Amino acid sequence: MTSAQRNPQLNANGELCHLLSIGGLPREIVVHILDTAESFFEISDRDVKKVPLLRGKSVFNLFFENSTRTRTTFEIAAKRLSADVINLDVARSSTSKGETLLDTIDNLVAMHADTFVVRHATSGAPYLIAEHLARTGRDEVHVVNAGDGRHAHPTQGLLDMYTIRHYKKDFSGLKVAVVGDILHSRVARSDIDALSTLGVEEIRAIGPRTLLPPHLEEMNSACVSGTRVRVFNDMSEGLRDCDVVIMLRLQNERMTGALLPSAREYFRCYGLTPEKLALAKADAIVMHPGPMNRGIEIDSAVADGNQAVILPQVSFGIAVRMAVLSIVAGSGK
Amino acid sequence: MKIAIKNARVVDPRSRLDALRNLFLADGRIAAVTEVSVVPEGFADARQINASNLLVCPGLIDLCARLPDLENELAAAAAGGITTLACPPDTTPPLDEARLVERLRHRSEQSGLARMFPLGALTQGLVGEKLTEMVKLANAGCIAFSQASAPLPDTLVLWRALQYAATFGFSVWLRPKDARLAFEGAAHDGAVAARLGLPGIPVSAETVAIATVLQLARDTGARLHLTRISSAEGIALIRRAREEGQAITCDVGIHHLHLDESEIGYFDTNARFDPPLRSAADRAALSAAAAEGVLAICSDHTPVSDDGKHLPFAEALPGAVGLELLLPLVLRWAKQENIPLTTALARVTCDAAAILGLDAGHLSPGAAADLCIFDPQASWQAGAQTLRTQGKNTPFSGQTLRGRVQMTFINGQLVFSR
Amino acid sequence: MSLPEFPDAEAQCRALADLIRPEISPETLLVGIHSGGVWIAERLSGLLGLSSEIGQIDVSFYRDDFAEKGLHPQIRPTVIPFPIEGCHILLVDDVLYTGRTTRAAINELFDYGRPASVRLAVLADRGERELPIAAQFCVWDVRLDRAQILVLDKNGDHLSWKIEQ
């Protein structure tokens, strides 16, 4: 091992200056984001759904991969903070002209961007941007990862934690099942990082072996919370006595081929039905990052049932993103 | 021209010599290695070099160095004490035609620096479909044939390539990599890739390929050298084949003896290698195998521009520069693993020469006077300022390394001095 | 430093209530500014016999020093449990100093609607205003060094003054 790298998300004072991943964040910072989000939550109920915190600041939504939902929630969050929001459809424009990712960033920094919200198809792309900003001495510009490849989707992970805390109050003692395509899921990685940072008792990764990465059991090795990660191939066994069930979206292109034979067989083995949910605790909550594939990973009876908290997740997501945007913008002061 | 190098610590791995000696060169060859009190006849008025506190060993032999800017990289090799090197065929364009090989050899001979031995492409354009004119390429100077790190997914083509090479007794150097299992992979399929969401390259991408190639080599009788072994299981397969009497050689890149997957940290593209850095246990197994002599060591020198490294991890180009780091990293490896210097340096001198089929890498009288003279105590910082190579991509950037080349001789000519 | 010469904050709350009582109607709504203002508003609500719940404001999202200081490390939610359109609001804080916190609180209030009037009640007025803001009700004029921060503290259920340097 050569020189230990400094965590690029934290500035010299240990403040959060970029949100790139939940992995490697101290527990206090994660809790601080959730606490701050609670204060932002009521703003959506006001007559004027806006606070002047980021007035005059520019938030650039840089989506190298299309995602209307995530982009919209970031846009609402930034606008409720009074920031100017600029949406760049980079999936179509500059990169197709051969401009590199970092050229794009340099150009936007020259336009006085204050914060970049970045979605990219390649794991680690937001790290590259953050490093580039540091290398070129532009520490006042912040990066928020809105999903990179299979790596991380930290604001989704945080809003999932917000949801769990809202319904379960305390993380210790919780058994949380994460079901589905963990191999390709940045949501799953961020959830696992966050759950182990916050110290749940047990994380259960449930799925067929083609959709589970190796070494899942070691994924929380960096944290000292004592959270256990267990892998289940049998969904019924994995759901038994769980407090929280997080269902993952199965991408269309993975439904047939070498990973899975068919959507129908996937639903039979790993779809969440009322019968399977009955194996979890009676007060278990069901979460899903959306958009849902009804009848593939989740039965409509569960998705619309009283244990589902999928819509509250969406409204909590705005408050969490407001908290993240304002905390990073306020760092280094 | 006569030269007397006096009071040096002389390490000659082939003869297991590690002692204070005088070394005498005449007419580009080693004339004598003597006790420090002795000066042979005719050397009284030779050019004197006082080498007290310095170490003299055979010039290093590097089994793999990519030389995009040939003259500059050969100068970097000289600065790294390297006097002989093999150049893989994945140049632009690939070395699949005799005229390309001749031009490359001509330019390297003009430079008067390290002896450069090209490897010819095994298939045209390294595409893995049609064989190259191996006989013509060998006549032009190719020392062996290889796909470099390009895949050869068609086993039938591989089988025929080995048969054809065996017809003429040519060596085939192969990187064991199953193209489909390694497809789109960017890192070892282990804990780090799982955490960072990087597409993984399983160890089986290496072992499946080793098993296939070993079987085909047995069937065809081809002379086989396996390059850049990266895993403990790969080593185990090779050991077993050797125990069964199969004559195969293999090598490892110096970085794989020092680093493992944890080096990636937060997507550090300087830790992107092909084959990938694997687990700590794999690194330990490679180190043990290299210490035993199962593996020779090479720099796998691969200059990559900033543009090739300032990309998201999976899109970044793999590789690191190594010409000037090979010696200090071998010294560090020897120190960390408590390996005698004669053993450690053998892996980059006489062992490598044997793989290339050359009478080189030793200090016997009559051998070509290819020497590396270095200060084993000198420490220096690796970085853009201290490296001559065009590429600055190294995971050791900013680190203090011990052991620095002072002089390099090729055929008795001083080609580098600090 | 403990300051025996500082007045008893609990007694000041009663004095403040006495000052306010003749000037307000039962429909007046109290809004306290976190943290001290909320504690005082709770006292006043009881002393004045007001039936409505009190509002609580955390002005962190409205501060004008975000660019210099960033986000306050501990933020509590603002809670305005009543519609304020057309109402008479009495804003309550512990200390009035530069006037910037009051400015932020008024701005925040207006994002909930358009009140008929807003008045300000504080225990202490340190002077040195940087904005054209004044308290209608105040029981203690005090002058301190700029480096000294006057803070209302709550120990159990007891309010007292302290100085932070």
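A residue is called buried here if 20 or more other C-beta atoms lie within 10 Å of its own, exposed if 12 or fewer, and partly exposed in between, with C-beta atoms placed from the backbone. This is a predicted model, so a few ground rules from the source apply: local features need pLDDT of at least 70, side-chain atom pairs count only at pLDDT 80 or more, and totals for chains, interfaces and linings use all residues. Residues are numbered from 1 along each chain as its sequence is written, while chains are lettered from A and ligands numbered from 1 in the order in which they are written.

**View 1. A look at A:V314 in helix 11 of chain A.** That helix covers residues 310-329; helices (H or I, at least four residues) and strands (E, at least two) are DSSP runs, numbered from the N terminus. A:V314 has 15 C-beta neighbours inside 10 Å, so it counts as partly exposed. Look for A:T163 too: it sits 151 residues away along the chain, yet the two C-alpha atoms are separated by 9.5 Å.

**View 2. Helix 6 of chain A, residues 186-198.** Here 13 of the 13 residues are buried, so the helix is largely enclosed by the rest of the structure. Just after the helix, A:G199 takes a positive phi of about 80°.

**View 3. Where chain A meets chain B.** Two residues are in contact if their C-beta atoms, placed from the backbone, lie within 7 Å. By that rule, 27 residues of chain A are in contact with 24 residues of chain B. On the chain A side, helix 4 (125-135) and helix 6 each supply at least two residues, and helix 4 gives the most, with four. Sorted by class, this side of chain A has 11 nonpolar, 12 polar and four charged residues (Ala, Val, Leu, Ile, Met, Phe, Trp, Tyr, Cys and Pro count as nonpolar, Asp, Glu, Lys and Arg as charged, and the others, Gly among them, as polar). Of the two pairs of chains in contact, A and B share the most contacts.

**View 4. Chain B by itself.** Its secondary structure comes to 13 helices and 18 strands. Of its 418 residues, 58% count as buried. Along its principal axes the C-alpha trace spans about 65 × 50 × 40 Å.

Technical notes. Expected span 1.5 Å × (residues − 1).
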